[in-house]
Amino acid sequence: MADIKIFSTATCPYCVRAKKYLTEKNISFVDIDVAADPMAAEEMISLSGQMGVPVIVIDGDVIIGFDKTRIAAKLGFTP
Amino acid sequence: MISDLVIVGAGPAGITAGIYAARKKIDVLMISRDLGGQTLLSADVENYTGYQFITGADLVLKFEEHLKQFGVSLKENESVRNIRQLPSRTIFLETDKASYETRCVIIASGRRPRWLGVPGEEALRNKGVTYCATCDGPVFSGKAVAVIGGGNSALDAALSMVKIASKVYLVNINPALAGDSVMREKVENSGKVEILNNAVIEEVLGEKFVRAIKVRYAGALKELVVQGVFVEIGSVPNADMIDFVAKNKSGEIMVDQLNRTSAEGVFAAGDVTDVPEKQIIVAAGEGAKAVLGAFRYLARLR
């Protein structure tokens, strides 16, 4: 079972799509709202070196943006 | 393997084209950087016939469901970098991942935000410089930000940042704000937006992240301390990947009533073209027309 964290904001449509995608594939993840948690925002910024959302961390690998292809490859299924 | 049709882009034009192509049983492949395009970033859509109110994201979900019904081949997260015509009159596309050959192409690649083109912007892109207030706004909670622009998008961004940021500068190159008067009034009465008209941003400053911007204003070069820069100065067509079709002065691909470009076998639809109205419903209609035109072209080839 992969360890997955998504740094997101409530208004970002790519974040919504990323979460929906994982939910549809029955993959569990932790959703971190960086708007509500400034410390989490700092963590996201230092992990990814940038300030755009979503940032998806799968087993320590940092994926910036909703890159379906990379997420699927990392988790071992066809996008 | 030569396809009959490749559709570049999966926004409302591309997706509608995909559905029409599938129903005509055309051998079609869709290639797109994302699914949804600019529609995804629209908060409230109240003028797409049939939907009195829907968010852009939800409308894209509807489009996606409809497309999935037909099992159209879609290469997502793939960007077409170059399109050229081969001597055999087929069309060759190179993406960032592969290459494809096709008899016919529909370019429905939409538009992207215009960049400022000032020093520091590129290095600090996503490190404080952003083109999507909807997406990234909340990350700047309690920080000072600048919104560059003076039209509705800029006013919209400024207003949404009023509740989030500690301070909002609105840097407008023109003598006065444009956009709807309702929006202008809201910004002027917000109490938190400092409006700078006749102001030009000249540089974005910062090492790892944005720390300030340089603005030419009232005859002097001023440094404004901000951590975020929201660029809202319009959009440009995503037509750089093709250079053998006629384009207008704005770089948009010129099409006729049948969505034909100046090159045989090349069609275009939606916001990337010179269609005068850039609307979701117009793009969808253009996508449908383009496929019907492509279908007739393919039939004549046989």
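**Notebook: charges and salt bridges**

I looked up the charges of chain A: the mean positions of its 8 positive and 10 negative charges are 10 Å apart. I note that the model is predicted.

I then turned to the fold of chain A. I found three helices and four strands, and from the N terminus on they run β-α-β-α-β-β-α. The radius of gyration is 12 Å, close to the 12 Å that the globule rule gives for 79 residues, so chain A is as compact as a globular protein of that length. I read off a box of roughly 35 × 25 × 20 Å for its C-alpha atoms, along the principal axes. Of the 79 residues, 46% count as buried.

I took Lys20(A) and Glu24(A) as one case; their closest N and O atoms are 2.6 Å apart. Both residues sit in helix H1 (residues 13-24) of chain A, four residues apart, about one turn of the helix. Lys20(A) is partly exposed at 33% relative accessibility, and Glu24(A) is exposed at 54%.

In chain B I looked at Arg103(B) and Asp4(B), which form a salt bridge at 2.7 Å, N to O. Arg103(B) belongs to strand S6 (residues 99-107) and Asp4(B) to strand S1 (residues 2-8), so the pair ties together parts 99 residues apart in sequence. Arg103(B) is partly exposed, at 29%, whereas Asp4(B) is buried, at 10%.

I also checked Arg211(B) with Glu207(B), a salt bridge at 3.8 Å. Arg211(B) is partly exposed at 39%; Glu207(B) is exposed at 66%.

Last, I noted a network of salt bridges that links Arg17(A), Glu64(B) and Lys68(B).

Note on methods. Residues numbered from 1 in each chain as written. Chains lettered and ligands numbered in written order. Predicted model: local features only at pLDDT ≥ 70, side-chain atom pairs only at ≥ 80, totals over all residues. Heavy atoms only, no water. Helix = DSSP H or I, 4+ residues; strand = E, 2+ residues; numbered from the N terminus. Rg over C-alpha atoms; globule rule 2.2 N^0.38 Å. Buried < 20%, exposed > 50% of the residue type's maximum accessible area, 1.4 Å probe, protein only. Lys, Arg positive; Asp, Glu negative; His and termini not counted. Charge placed at Lys NZ, Arg CZ, Asp CG, Glu CD. Salt bridge = Lys/Arg side-chain N within 4 Å of Asp/Glu carboxyl O.
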